[in-house]
Amino acid sequence: MKHFMITVAFILFATITVNSMDKKIIRISTERTDLVLQVAENGRLYQSYLGERLLNDADLDELDWSIHPASDASVSRRGWEVYSGSGNEDFFEPAVAITHNDGNPSTWLYYVSSSSHPVDGGVQTDIVLRDDKYPVNVTLHYVAYVKENVIKTWSEISHQEKKPVTLSAYASTMLYFSRPSYYLTEFSSDWAKEAQMSTQQLLFGKKVIDTKLGSRAAMHTHPFFIVGLEQPACERQGEVLMGTLGWTGNFRFTFEVDNVGNLRIIPGINPTASEYTLKRGEVFVTPEFIFTLSSEGTGKGSRDLQEWARKYQLKDGNGSRLTLLNNWENTGFDFNQEILTELMKEAKDLGVDMFLLDDGWFGNKYPRKDDKAGLGDWEVTHDKLPGGIHALTDAAREAGVKFGLWIEPEMVNPKSELFEKHPDWAIHYPNRDVYYYRNQLVLDLSNPVVQDYVYGVVDNLLKENPDIAYFKWDCNSPITNIYSPYLKSEQGRLYIDHVRGVYNVLKRVKENYPEVPMMLCSGGGARCDYEALKYFTEFWCSDNTDPVERIYIQWGFSHFFPAKAMCAHVTSWNKNASIKFRTDVASMCKLGFDLGLKELTADELLYCQTAVANWKRLSPVILDGTQYRLVSPYESNHMAVNYVSTDSKKAVLFAYDIHPRFQEKLMPVKLQGIDPYKHYKVEEINLMPNGKSVLAGNGKVFSGDYLMKVGLHVFGFNSMQSHVIELTSVE
Ligand code: GLA
């Protein structure tokens, strides 16, 4: 059946290559978007259209890239080249820059051929370009996911020159727009401040968003953005481009508005400090740039990306997820076998699926009793945990929960046996004082031997302890002291080959242990890109678990990621917020807990147990349903979001009062995405024991139409209050 669907999609959306009126046209289409490329008279490839899907095939003939405003009519070829090379008549940023063996820094690419074939979810188009003076080939790849309206694109660069060439630009792609105005929404970040949204108009000149952190894409900004076309991005209307790069390292997005007001967007690996020597026959594969063009605002764009991610990108995107109790916020490094055994029982009592042991369980010569030592020595600390991991997995089994484990295998503390044995495995300068981030260094994963070692950390743990059911894989340091003892004179490859080394390890883990779910973590949410998420079932959004802050952080991430991929834990951050508020905020994502249950009163514990049971019951709606962002915390003192099951028989509405003012006008919340012709029973859940719902509509039945057009009064005047409302179709 799947094959049949793929073939049908291919027949309907096969890349059309038209040769009408001597124009060669390549059309890359989803159900709602067309990207049209055209081979011009000079034999080079230009973008002639990127926008809403065109209804009439005949209109393709009318498209011509040269209709776009150009700065100089006599050289109207300026701009719009799909993969512009350095040194041509375009004076703006190129996609690719190569210094050839003879020192010539120019690359002009001519169309050679194109083909397309069906892939899961859509159609892949491959276009071959070649330089006419140098043996350099570039292949552009596009996968159009037809129904989800997502396009993924990447490029491959190779050559047959005698000696290596040097690459100084290697974008994933280039996209062009000609609109009256452009507005960029970016997602700035820092530790505990992830995914903060801000918007600015793009005027003449260049705006660059980039990172140079090496081992993690994010921290100061995330690898995704939104461009509002003709107006700032809105949730429910207007045209927006939402793009993200699958690269767990230095990235760069360049937005350039030229002298005639055209915008070009160039996503790719950040070439800073990365002049890449490419050997003859070697293929440089750029990261995937994934984008959707929505004509119904960011809400629709996010829903498409979320669905696409679950179906085609995220590890085990269709599978279920484990609720858990973690010990990091509760015990820190201070635990032993008895304490952990007790926590496993608490996990069971709470009703979650798993106990997750965090940092601090390893190292003997240099035990990991704080963050200053031990990273690299992945052997249980015998004094602390004399029974080893076995005793822990046994205790978990006895308690009736699964057992998960924290690791940070890409790192080393100088105070470790690993560093004593292999100082040359760590990235650091041979001739300067070493500087540290969290007292650690990054292992040099450009070195295949180090890749084997890192893979071995996971492999050994799982071979010796097959009952480990989950990993939290952390990465707490950017690359510091950027010098690879392995790459020697080819240091320009380090930032890139290191990340490829990380992927080599992750590929092996996934191939050999496909069933083991893993959380991607990086000092909070500094790693959250779609290449890494091929290997991880979920990511940790932030170490900041203050529910007020989390409302903003989760709102930001939801623009690009499904709730299923976003881990949210109930902790003791912001104790002024009730346990109900903290839990209700975490419940809109993948729910977990990280606090001492002994801190809770009997009523609070009972509340949590009920909330866990409710979340598990409703997880098909929250994790696999469709998400609608209803009320933005950036535009009000509240936030609301609802999820609808795929058959639209169930919905869950989460509503939060953050810090409302007494004077403000409270508006009803209008739901979205439910069936207007169905009737829904409205029931408030997640109430404190003996608590009663104060919602006017509680227990009543309303039509979907009413709920979407009139709405429910769910907001109040008190700080940090929340309501979780279950809607069930009564037909
Ligand atoms: C990082 C993670 C935390 C925790 C600590 C342990 O900061 O984000 O959740 O695992 O490491 O050292």
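Reader: Where is the kink in H7 centred?

Author: The kink in helix H7 is centred on glycine 456 and amounts to about 30 degrees. The bend at a residue is the angle between axes fitted to the seven residues ending there and the seven starting there. Helices here are DSSP runs of H or I with at least four residues, strands are E runs with at least two, and both are numbered from the N terminus. This is a predicted model, where local features need pLDDT of at least 70 and side-chain atom pairs count only at pLDDT 80 or more, while totals for chains, interfaces and linings use all residues. Residues are numbered from 1 along each chain as its sequence is written, and side-chain values use heavy atoms, with hydrogens and water left out.

Reader: What span does H7 reach from its first C-alpha to its last?

Author: H7 covers residues 448-464, 17 residues, and reaches 24 Å, close to the 24 Å expected at 1.5 Å a residue. The expected span is 1.5 Å times one less than the number of residues.

Reader: Which residues of H7 are buried?

Author: Among them are Tyr453, Val454, Tyr455, Gly456 and Val457. Buried means under 20% relative accessible area, exposed over 50%, and partly exposed in between (1.4 Å probe, protein chains only).

Reader: Switching to the ligand, which residues come nearest?

Author: Asp358, Asp359, Lys472, Gly524 and Asp543 come nearest, out of 13 residues around the ligand. A residue counts as near if one of its heavy atoms lies within 4 Å.

Reader: How many of that shell are charged?

Author: Six are charged, along with four nonpolar and three polar residues. In this scheme Ala, Val, Leu, Ile, Met, Phe, Trp, Tyr, Cys and Pro are nonpolar, Asp, Glu, Lys and Arg are charged, and the others, Gly among them, are polar.

Reader: What distance separates a ligand oxygen from an N or O atom in the side chain of aspartate 543?

Author: That distance is 2.6 Å. For aspartate 358, a ligand oxygen is 2.7 Å from a side-chain N or O atom, and for aspartate 474 the value is 2.9 Å. The protein covers 96% of the 310 Å² of accessible area that the ligand has on its own. Such areas come from the Shrake-Rupley method with a 1.4 Å probe, and for residues only the protein chains shown count as cover.

Reader: Now H4, please. What is at its start?

Author: There, a side-chain oxygen of asparagine 336 reaches to within 3.0 Å of the backbone nitrogen of glutamate 338. A polar contact is a pair of N or O atoms within 3.5 Å; within protein, one must be able to donate a hydrogen and the other to accept it, and residues adjacent in sequence count only if both atoms are side-chain atoms. Just after H4, glycine 351 takes a positive phi of about 100 degrees. Buried residues in H4 include Leu340, Leu343 and Met344.
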